[in-house]
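Here is a short briefing to read alongside the structure.

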Amino acid sequence: MEALLSEFTFLSDQALQDKNFDPSTIEDLMKLFEIESYKAWAAMELEQEEEVKEAETSMQQAEGYLDSVMEAAMDEFRRLEEEMERMAKAELKDLEDTADKARKMGNLMEKAAAIASKKYVEAALNSATASMKSAWKGLSSKKVHPS
């Protein structure tokens, strides 16, 4: 392009100085300018297409990386979720076992209290019966207890 501009300057100077100058020479030069412009335009368009392809490739790589990172994050989330579920089930089982042991202990304590109460009532009845027998013996022997 620089060479064409130099040529154009040279021909312009020659056209101003030479009265027999042929204008078709400048027209030929203008056609060369046009061809050079189309070449530059085509080269820029080709370069732009290459840049677009590179950008698309980079975008696809970025999308692939993002997909793999997202998939890894989802896998980690699923593992965490499974672990939390397993821990929750284990804790629930421990609580159920503790509740079952507490219920059994409560039943045993209820039975022990019922047995102790029954023995207490039996002891009280035996004591009352013994007192009554002693009192009847005393009445029948005509002896009075000193109390």
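Helices here are DSSP runs of H or I with at least four residues, numbered from the N terminus. Please keep in mind that this is a predicted model. With that in hand, helix α2 covers residues 24-140, and the structure holds seven salt bridges.

- Asp 100 and Lys 104 join their side chains in a salt bridge, at 3.5 Å from N to O. These two residues sit four apart in helix α2, so about one helical turn separates Asp 100 from Lys 104.
- Asp 100 has a relative accessible area of 29% and is partly exposed; Lys 104, at 47% relative accessibility, also counts as partly exposed.
- Another salt bridge brings together the side chains of Arg 86 and Glu 83, with 2.4 Å from N to O. Because Arg 86 and Glu 83 are three residues apart in helix α2, about one helical turn lies between them.
- Arg 86 counts as partly exposed at 47% relative accessibility, and Glu 83 counts as partly exposed at 34%.

**A salt-bridge network**

- Which residues are linked in a network of salt bridges? Glu 71, Asp 75 and Arg 78 are the ones linked in this way.
- Within this group, the side chains of Arg 78 and Glu 71 meet at 3.8 Å, N to O. That N-to-O value qualifies as a salt bridge because the cut-off is 4 Å.
- Arg 78 has 36% relative accessibility, so it counts as partly exposed. Glu 71 is partly exposed too, with 42% relative accessibility.

**An aromatic pair**

- The structure has one aromatic pair by the rule used here. Tyr 38 and Trp 41 form this pair, which is edge-to-face, with 6.4 Å centre to centre and 65° between the planes.
- The planes of Tyr 38 and Trp 41 count as edge-to-face because their angle of 65° is over 60 degrees.
- Tyr 38 and Trp 41 are three residues apart in helix α2, so about one helical turn separates them.
- Trp 41 is exposed, since its relative accessible area is 51% and exposed means over 50%.

**A negative patch on the surface**

- Glu 45, Glu 47, Glu 49, Glu 50, Glu 51 and Glu 54 come together as a patch of negative charge on the surface.
- One of these residues, Glu 50, belongs to helix α2. Is Glu 50 buried or partly exposed? With 39% relative accessibility, Glu 50 counts as partly exposed.

How values were computed. Residues numbered from 1 in each chain as written. Predicted model: local features only at pLDDT ≥ 70, side-chain atom pairs only at ≥ 80, totals over all residues. Heavy atoms only, no water. Patch = residues over 30% accessible without salt bridge, like charges linked within 9 Å, V, L, I, M, F, W, Y side chains within 5 Å. Areas by Shrake-Rupley, 256 points an atom, 1.4 Å probe, with all protein chains shown as cover. Lys, Arg positive; Asp, Glu negative; His and termini not counted. Charge placed at Lys NZ, Arg CZ, Asp CG, Glu CD. Buried < 20%, exposed > 50% of the residue type's maximum accessible area, 1.4 Å probe, protein only. Phe/Tyr/Trp six-rings, centres within 6.5 Å; stacked < 30°, edge-to-face > 60°.
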